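Hello,

I am passing a structure on to you. Please open it first, then read my notes below.

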Amino acid sequence: MIEVRFQAEKQNGQIVGGTISAPTLSEAREKVKILCVQNNLKLISIEKKKTFIYKVRRGKETPITGEQKAYTKAEVEEIFNKLGYEIISIQPKLLEFEAKPSHSDILMFVKITGEMLEQNLSYGEILNFMINDTSNKVLKETLKDINNELKRGADGEQVFMKYQKIFGRFTAFMLGLASKSGNMAQIYKATAKFLERSLEFKKNLRSALITPSVTVLLLIVTTIWYVGYIFPATAKMFQRFGAELPPLTATTLIFSDFIQAYFWLLFILFMIPLISAIYYFRTEKGKVEFNRLLLKIPILGDIIHKTLIEIFSRVFYTIYSGAAENITPIRIAAEAVDNLYFEKQIKEVSLPLMVKKGIGISEALAASGVFTETALSRYRAGEETGNVKEAAIQLANYYETETVHKMKVFLDWVQIIIAMFILIVMIYLTLVSAETAVIQPKRPGVDYILQYLINLLY
């Protein structure tokens, strides 16, 4: 997050100021301008909070170096002067780009915090411990800022939502909710469970789709390169000596000649649909369509679909507090599944029906078209018994067990299929190579002499 400090002048000449945070500097400037227009203020200045690299020394001690965030160099100098340090140098950091904390870093923070809360440690003590123990600089600085703001009495939900680009929207919402809750440990543990399942789901999806696709693509490219450029050099050498090529070698040579003759045409025909698809799926409409198509993949689509319902139900269970307040839990749970099509159907179909027509949860979820009959029957039973929350966690646990088992079986089959594909390609290349080894080229010199002798005799 980018933080800026601004100064503005009221109509009576009074100088006022404040700070604004936003994901980018341009967004922060835009927020300041809107604020000034709304309050009839004349903007004087906008200063971005920067990182300064310092080198200071106290007395004859060894100089120490570090980083300090501030709006101006003078502020950093003032801090060290008050602490009695001799300033050797203070320079703005030229490149402030630092890697965001990984999904695993966030999970570790949430999980450890939940466990320490169960041991009745104060939240301030836990944050200090995590600040000292966290290796990722961005997460460390973020926790420092959160700790300082909470100590100043800032609203916990607003503080965490300010850093949603670091934690993720759902995680930031849950941690902010926990700061106001009487049971922080339970919410942190539930959030950690969600993050674990989300991380496991993405890892499995990568193993099921990305890794096999890359493996197959590289193998195909390597085979085409061998057949198109390496193999012809050997096969055509035998042709020049008048050797008769075996069927497989002859067919492969024809394919090789075709590739060489129409390489750029084939390349263009392959790249145009690929680039078009990438461009389309990067648009807002395309992203939704891509997420919809994921659910239609044979076998894997069913696993993905049920995993999304599991995540939805788990999040819904965590923040649902009763029938009087069910819009917010459904909206947050829809956002947490990280599937734009699933989210869109719930937000644009289910929620409007609940708000405008006052229909129940199960009926509204059925209208979205993204829930299975099993899921709808559980929510319907929960409504009838007045225990929707328990129905949600039962459904989540059931689908977790089912999808974990099915995903494991699916990944095993993917590995077998990839191994078989590699085996077939290797057998083909081996057969082609073996054929070239037994080709008997004619010997032009011997044939010429024999023909000459025959001509002399007759």
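First, the ground rules. This is a predicted model, in which local features need pLDDT of at least 70, side-chain atom pairs count only at pLDDT 80 or more, and totals for chains, interfaces and linings use all residues. Residues are numbered from 1 along each chain as its sequence is written, and side-chain values use heavy atoms, leaving out hydrogens and water.

Next, some terms. Helices (H or I, at least four residues) and strands (E, at least two) are DSSP runs, numbered from the N terminus. Two strands pair if DSSP finds at least two bridges between them. Axes are lines fitted to C-alpha atoms, for helices over the stretch in contact; angles run from 0 to 180 degrees between N-to-C directions. Contact means heavy atoms within 4.5 Å.

**Sheet β2-β1-β3**

Three strands form an open sheet in the order β2-β1-β3, and the pairing is antiparallel. β2 (15-22) and β3 (42-48) are the edge strands, each pairing on one side only. Neighbouring strands are turned by 25° against each other on average, direction ignored. Helix α1 (residues 25-38) packs on this sheet and touches β1, β2 and β3. Its direction makes about 140° with that of β2. Strand β1 (residues 2-9) runs antiparallel to β3, joined by six bridges. Phe6 stands opposite Ile46 in β3.

**Sheet β5-β4-β6**

Here an open sheet of three strands has the order β5-β4-β6, again with antiparallel pairing. Its edge strands, β5 (64-70) and β6 (86-92), each pair on one side only. The twist from one strand to the next averages 25°. Six bridges link β4 (residues 50-57) to β6. Lys55 has Ser89 in β6 as its bridge partner. Helix α2 (residues 73-82) lies across β4, β5 and β6, at about 155° to β6.

**Helices α13 and α14**

Helix α13 (residues 300-319) packs with helix α14 (residues 327-336) at an angle of about 145°. Their axes are 8 Å apart. The crossing is right-handed (the near helix is turned clockwise from the far one by less than a right angle). On α13, the contact is made by Ile311, Phe312, Val315, Phe316 and Ile319. On α14, Pro329, Ile330, Ile332, Ala333, Ala334 and Ala336 take part. By class, this contact has 11 nonpolar, no polar and no charged residues. Nonpolar covers Ala, Val, Leu, Ile, Met, Phe, Trp, Tyr, Cys and Pro; Asp, Glu, Lys and Arg are charged; the others, Gly among them, are polar.

Best wishes
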